[in-house]
Amino acid sequence: MTGMTSSARPHLNRRLAEFGTTIFAEMSALAASTGAINLGQGFPDTDGPEQIREAAVRALRDGRGNQYPPGPGVPELRAAIAAHQLRRYGLSYDTDTEVLVTAGATEAIAAALLALLEPGDEVVALEPYYDSYAASIAMAGGRRVPVTLRPHAGAFRLDLDELRAAVTDRTRLLLINTPHNPTGTVLTREELAAVAELAVERDLLVVTDEVYEHLVFDDAEHTPLASFPGMRERTVTIGSAGKTYSFTGWKVGWVTAAPGLVAAVRSAKQFLTYVASGPFQYAVAEALALPDSYFADFRTDMLAKRDLLSAGLADAGFRVFRPAGTYFVTTDIRPLGEKDGVAFCRALPERAGVVAIPNAVFYDHREAGAPFVRFAFCKQTAVLEEAASRLKTLGAQSPQMS
Ligand SMILES: *Cc1c(COP(=O)(O)O)cnc(C)c1O
């Protein structure tokens, strides 16, 4: 989230000064210059289903979506989004008034915050944050109030008392993310029920980023916040095709919410991109209608990758927080004799030929995130095996060597 340098950007305004450059740019440049395996940014290194790619080609050839699509999104995709929410969660949304297609989840987040916040409004968000949250809150003139997820019994958990204490009279909305990037935490039904109760009691809006809804492992279960009592009318739910179908470059995301909220988000969205991804919208409509077996196979495949990389990291001496969802595994580097994740990640490409992301950059309370490092496992098996074997050399090195 936070910039490493802002002095190099003398023209950047005060709202964005702290977001000068992202860690991803720095780490990807390091990966390129050292030839290291890039487990930093979360994008798959293989494309999604052939049949969906072909659907995009067909749309393009048939001239569907090559010109500005309708502002709210093409009707086929809006209908498919509504059908998906109904089929999977029993949540019913009106295709015309309660669904909005966006340029990825990123635009949905920005548009929701720009539409819903007054200057100075407080946004309570789970820390560590997905990297666009802090910048989007800042662009909207809001103030972020972090609630830190803390390690407890092998996972990063939400302290419900801390969450309650973070809400003030100036709080406008809760910004929730489950399954959670970067920690891999999936909020339990009980935790979500408590979040919902708090939102109702304090009359808060909720923006919930559920882009990893299909990536939950073992006995974890994804429950949309909108399905809890009193939540449907106050919740903006954000989804995306990027992670679920392994087409992160297509940038097709969406919002489902009550008509007033969708209308508000649409007002902001129309002056950001207005519309995007025309032909891809038709392809994603087909993707959303894939049979349950697609989602089950995808999950099984990602679970094997999670286990492979987690085992490799544990072997290499990291403490591993086995994620219940997402593309990412967070580790603690202290067993390796290290304590500063930023320095560790800067040195890792040279030391071991692997790129990772220091979780500290996703925190306001940097010290709370200092020893944690995130690795992406949405990569081919051979790539993960090679990364694991490279990382094994770490244990043999003395910690201060680099
Ligand atoms: C990747 C990601 C996004 C962005 O999704 P796009 O559809 O690519 O814009 C949003 N939130 C989280 C938590 C993510 O990991």
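Trainee: How many disulfides does the structure hold?

Mentor: Zero disulfides are found. A disulfide here is a pair of cysteine sulfur atoms within 2.5 Å. This is a predicted model, so local features need pLDDT of at least 70 and side-chain atom pairs count only at pLDDT 80 or more, while totals for chains, interfaces and linings use all residues. Residues are numbered from 1 along each chain as its sequence is written, and side-chain values use heavy atoms, with hydrogens and water left out.

Take C345. Its closest cysteine sulfur is in C378, 16 Å away, so the gap is too far for a bond. From C378, the closest cysteine sulfur is in C345, again at 16 Å and too far for a bond. C345 counts as buried because its relative accessibility is 0%. C378 is at 3%, so C378 is buried too. (Buried is under 20% relative accessible area, exposed is over 50%, and partly exposed is in between, with a 1.4 Å probe and protein chains only.)

Now the spaces. A search of the whole structure gives one cavity of 30 Å³ or more. The largest cavity holds about 30 Å³. Q85, E210, E213, T237, I238, G239 and W254 line this cavity. Strand β9 (residues 235-240) gives the most to that lining, three residues. By class, the cavity lining has two nonpolar, three polar and two charged residues.

The largest pocket holds about 510 Å³. Its lining has 25 residues, and G42, T106, Y130, K243 and K251 lie nearest its centre. The largest share, four residues, comes from α4. Ten of the lining residues are nonpolar, ten are polar and five are charged.

The second largest pocket holds about 230 Å³. Of its 20 lining residues, R157, V186, T188, A220 and A324 are closest to its centre. Strand β6 (residues 155-157) supplies the largest share, three residues.

The cut-offs for those terms follow. On a 1 Å grid over the protein atoms alone, a cavity is a set of points where a 1.4 Å probe fits but cannot get out; a pocket is an open set with protein on both sides within 12 Å along at least five of seven lines; lining residues have an atom within 4 Å of a point. Helices (H or I, at least four residues) and strands (E, at least two) are DSSP runs.

Next, the ligand. Around the ligand (a heavy atom within 4 Å) are G104, A105, T106, Y130, N177, N181, D209, V211, Y212, S240, K243 and K251. A backbone N or O atom of A105 is 2.8 Å from a ligand oxygen. D209 places a polar side-chain atom 2.5 Å from a ligand nitrogen. For K251, an N or O atom in the side chain is 2.7 Å from a ligand oxygen.

Last, E386. This residue sits in helix α14 (residues 381-391). At 35% relative accessibility, E386 is partly exposed. The E386 side chain makes a polar contact with the side chain of R390 at 2.8 Å. (A polar contact is a pair of N or O atoms within 3.5 Å; within protein, one must be able to donate a hydrogen and the other to accept it, and residues adjacent in sequence count only if both atoms are side-chain atoms.)

Definitions and conventions:
Points joined across faces, edges and corners; volume = space filled by probe spheres on them. Nonpolar A, V, L, I, M, F, W, Y, C, P; charged D, E, K, R; others polar.
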